[in-house]
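Please look over the chain shown below before reading on. The report that follows takes up its folding, element by element.

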Amino acid sequence: MHRRDQTIFALSSGRPPNAISVVRVSGVQAGTVLGSLAGKIPPPRIATRVLIRDTDQQPIDDAVVLWFPGPKSATGEDVAEFHVHGGRAVLAALFAALSSFENMRAADPGEFTRRAFENGKLDLTEAEGLDDLIHADTDRQRRQALRQLKGVLGVKARSWRAQIIEASALIEAGIDFSDEVDVPAELIAPALAKIKALHAEIAEVLAAQGRSERLRDGLVVAIAGPPNVGKSTLMNQLARREVAIVSPYAGTTRDVIEVQLDLDGYPVTVIDTAGIRETADPVEQEGVRRARARAADADLVLWLVEDDSCHHAVEGTAPVWLVRNKIDLYAFKPRGAAVGRTCGSPYFEISASRGGGLRELTAALVSHSEAYFGSGESGLIGRERQRSLLRETAASLHRSMERKGEELVAEDLRTAAHSLGRLLGRVDVEDILDKIFREFCIGK
């Protein structure tokens, strides 16, 4: 039997032990399984308390069951849910009972959502939104993912695709009636006007979104600088806990240390790196090499110094902020405001050990995150895949406006419609479906 014809089951709640665990079953056997284990099939969508028994009529648990006959279910198939006590022994007994039925098997990661997608319950942008919602760590990530799950981008994409197909039909009708002198112009003119308006709308979405798809992964900030300038102390202050060892001895930090922060809802990964200097110690040399590499790949670098030097040793294209630390220990002459710009870079004066200037530095990081992510959670684009396909669509529409022959215009419009179809997951996407749904957790 094909795997899609088999009935699947999985734990859809957290790891045991729990107060209550939810086990979902989806497929043609769901009703049979529910009736056998629960002794009856309850009314649809009504929670019913039953004593669950295995196939030998041995009791498993006093539980609550629900019945969702397809197609009015999450997956579009018959779905049964078992709400049982969340002990490992209870779940093991229930899984053993479920596995004893013919054509039943444990679900693969993301298989419930994939079946919902294949049965037209949601498009691919909504499925991606669901995965992002499950993995959201900050409130802004949650809100962006919820917009995706509600189909904000999918609704737009379906509308754009319908309009492209309509314009394409007009163009192709013009080709079919090319022998009639007036007909082609009457058909092609409104089609070109529609194409121009569509291109402008999609281009506006692409321009307005900033890096909204990066909200999923977050902003990467590397703390770099010479040894013993307070990098690990600053890391601990930003994290508000001791995640890095602080020592007066140079070379204490040998490897890259990462911590995930929630700065006003923006996900930020802060990296503490080894002090960058020339050293004969082979282990420290490797730490310095890694520090340089991570700083070069970061989205923002905080270069810590103890003096008024403008020099930094960061390669790459990421912006570099100069952070003058230990202002409480040295009689430096302040350059002016605690936050400003000097040496062509944003400039801050702080005391990482005492917390001086950290409020201004943190506020600047929040402002930078807001500018970096653009419209953030209010945007339409949630993933790089979506941005790439919208770019392809816009490029095809732009080419169609510059073509001279109607046949070439029609081909460009077909390409644009195909790109939007791939965005929604409705055409030619089998090669990416496995990759996307494999990232889901089991039970979703």
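The model is predicted. Its secondary structure comes to 13 helices and 13 strands, and buried residues make up 48% of the 444 residues in the chain. Among contacts in the chain between residues at least 6 apart in sequence, 63% join residues at least 24 apart.

Strands of a sheet pair through backbone hydrogen bonds, in either the parallel or the antiparallel sense. Here, six strands form an open sheet in the order 3-4-5-2-1-6, and their pairing is mixed. Strand 3 (48-53) and strand 6 (104-106) are the edge strands, each of which pairs on one side only. From one strand to the next the twist averages 30 degrees.

| Strand pair | Sense | Bridges |
|---|---|---|
| Strand 1 and strand 6 | parallel | three bridges |
| Strand 1 and strand 2 | antiparallel | four bridges |
| Strand 2 and strand 5 | antiparallel | eight bridges |
| Strand 3 and strand 4 | antiparallel | six bridges |

In strand 1, which covers residues 7-11, F9 has A106 of strand 6 as its bridge partner, while A10 has R24 of strand 2 as its bridge partner. N18 stands opposite G86 in strand 5, and I52 has D61 of strand 4 as its bridge partner.

The loop between helix 2 and strand 6 holds N103, a residue that is partly exposed, with a relative accessible area of 29%. The C-alpha atoms of N103 and G27 are separated by 9.8 Å, although these residues are 76 residues apart along the chain.

**Loops and backbone details**

Most residues other than glycine have a negative phi, and most peptide bonds are trans. Against that background, some loop residues of this model deserve a look. A hairpin joins strand 1 to strand 2 through six residues; P17 is found in the loop between these strands, and the peptide bond from P16 to P17 is cis, with omega near 0 degrees. A cis peptide bond also runs from G70 to P71, with omega near 5 degrees, and P71 is found in the loop between strand 4 and strand 5.

R45 has a positive phi, near 60 degrees, and is found in the loop between helix 1 (30-38) and strand 3. Its relative accessible area of 45% makes R45 partly exposed. In the hairpin of strand 3 and strand 4, which has five residues between the strands, Q57 takes a positive phi near 65 degrees, and Q57 is partly exposed, with a relative accessible area of 45%.

**Two packed helix pairs**

Two packed helices are described by the angle between their axes and the distance between the axes. Helix 4 (residues 124-134) packs with helix 5 (residues 139-149) at an angle of about 155 degrees, and their axes are 7 Å apart. Because angles over 145 degrees count as roughly antiparallel, helix 4 and helix 5 are described as roughly antiparallel to each other. Helix 4 passes helix 5 in a left-handed crossing. The contact is made by T125, E126, G129, L130, D132 and L133 of helix 4 together with R142, A145, L146, Q148 and L149 of helix 5; by class, it has five nonpolar, three polar and three charged residues.

In helix 11 (residues 384-402) and helix 12 (residues 406-424), the axes come within 8 Å and cross at roughly 165 degrees, which makes helix 11 roughly antiparallel to helix 12. The crossing of helix 11 and helix 12 is left-handed. Their contact includes L389, L390 and L397 of helix 11, and L413, A416 and L420 of helix 12. By class, the contact of helix 11 with helix 12 has eight nonpolar, six polar and five charged residues.

Key:
Residues are numbered from 1 along each chain as its sequence is written. This is a predicted model: local features need pLDDT of at least 70, side-chain atom pairs count only at pLDDT 80 or more; totals for chains, interfaces and linings use all residues. Side-chain values use heavy atoms; hydrogens and water are left out. Two strands pair if DSSP finds at least two bridges between them. Helices (H or I, at least four residues) and strands (E, at least two) are DSSP runs, numbered from the N terminus. Axes are lines fitted to C-alpha atoms, for helices over the stretch in contact, and angles run from 0 to 180 degrees between N-to-C directions. Angles under 35 degrees count as roughly parallel, over 145 as roughly antiparallel, 65 to 115 as roughly perpendicular and the rest as oblique. A crossing is left-handed if the near helix is turned anticlockwise from the far one by less than a right angle, and right-handed if clockwise. Contact means heavy atoms within 4.5 Å. Ala, Val, Leu, Ile, Met, Phe, Trp, Tyr, Cys and Pro count as nonpolar, Asp, Glu, Lys and Arg as charged, and the others, Gly among them, as polar. Buried means under 20% relative accessible area, exposed over 50%, partly exposed in between (1.4 Å probe, protein chains only).
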